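Subject: Structure handover

Hello,

Here is the structure I promised to pass on. Please open it and keep it beside this email as you read.

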Amino acid sequence: MWNTCDGPDLSPELRVREFAPETQSMAVFALNPFEPGCSFTTWIIWNLSPSPVIPEGIPPQGVVTAPVDAVQGTNDYGTLGWRGPCPPEGETHRYLFKVYGLDAMLDLEAGAGKHDLIGAMQGHVLGFGETVAMYSR
């Protein structure tokens, strides 16, 4: 509930493992396939240092320096940072979290959109992982 509209709507903690040795940064997409379009993006963040834990509560701002260094983009709600689950009463929504290991830090401005991030990642992806979370109201 901490990571949803029914609580403080904090970005979630994510655990990551098995990085390629040459990994220089990570990028994360959170998607809600239940919203209009099949890839409604609720969070994009990049230039995270490779770490086994992405901490909870990353503030909704473009350039982040605490609790980690990172850059965030504009989600499909038109805001910066995480926007958590908020399905209509009586529904369950699935959220997909996709984490990419990259061979470089990306030269991409804060506030960029998902298509900009996808373009910047091309040729830099070393690995990929995903997980799913469900939320009901």
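Strand 7 (92-102) and strand 8 (125-136) run antiparallel and are joined by eleven bridges. Strands here are DSSP runs (E, at least two residues), helices are DSSP runs too (H or I, at least four residues), and both are numbered from the N terminus. Two strands count as paired if DSSP finds at least two bridges between them. Within this pair, Y95 stands opposite A133 in strand 8.

A word on the source. This is a predicted model, in which local features need pLDDT of at least 70 and side-chain atom pairs count only at pLDDT 80 or more, while totals for chains, interfaces and linings use all residues. Residues are numbered from 1 along each chain as its sequence is written, and side-chain values use heavy atoms, leaving out hydrogens and water.

Now widen the view. Six strands make an open sheet, in the order 5-6-3-2-7-8, with antiparallel pairing. Strand 5 (63-64) and strand 8 are at the edges with a single partner strand each, so one side of each has no neighbour in the sheet.

Follow V28 across the sheet. On one strand, V28 stands opposite V99 in strand 7. In strand 3, the bridge partner of V28 is I45. I45 in turn has Q72 as its bridge partner in strand 6.

The bridge counts are these:
- Strand 2 to strand 7: seven, antiparallel.
- Strand 2 to strand 3: six, antiparallel.
- Strand 3 to strand 6 (residues 70-72): two, antiparallel.

Which strands are largely enclosed by the rest of the structure? Strand 3 is, because nine of its nine residues are buried. Buried means under 20% relative accessible area; exposed is over 50%, and partly exposed lies in between (1.4 Å probe, protein chains only). Strand 7 is too, because eight of its eleven residues are buried.

**The helix**

Helix 1 covers residues 114-121, and its buried residues are K114, L117 and M121. Seen down the helix axis, they fall within an arc of 60 degrees, so they line one face of helix 1. The arc is taken from the directions from the axis to the C-beta atoms. An α-helix has 3.6 residues a turn, so residues three or four places apart point the same way.

What do the buried residues of helix 1 pack against? They pack against strand 2 (25-32), strand 3 (40-48), strand 7 and strand 8. Contact means heavy atoms within 4.5 Å. After helix 1 comes G123, with a positive phi near 85 degrees.

Best wishes
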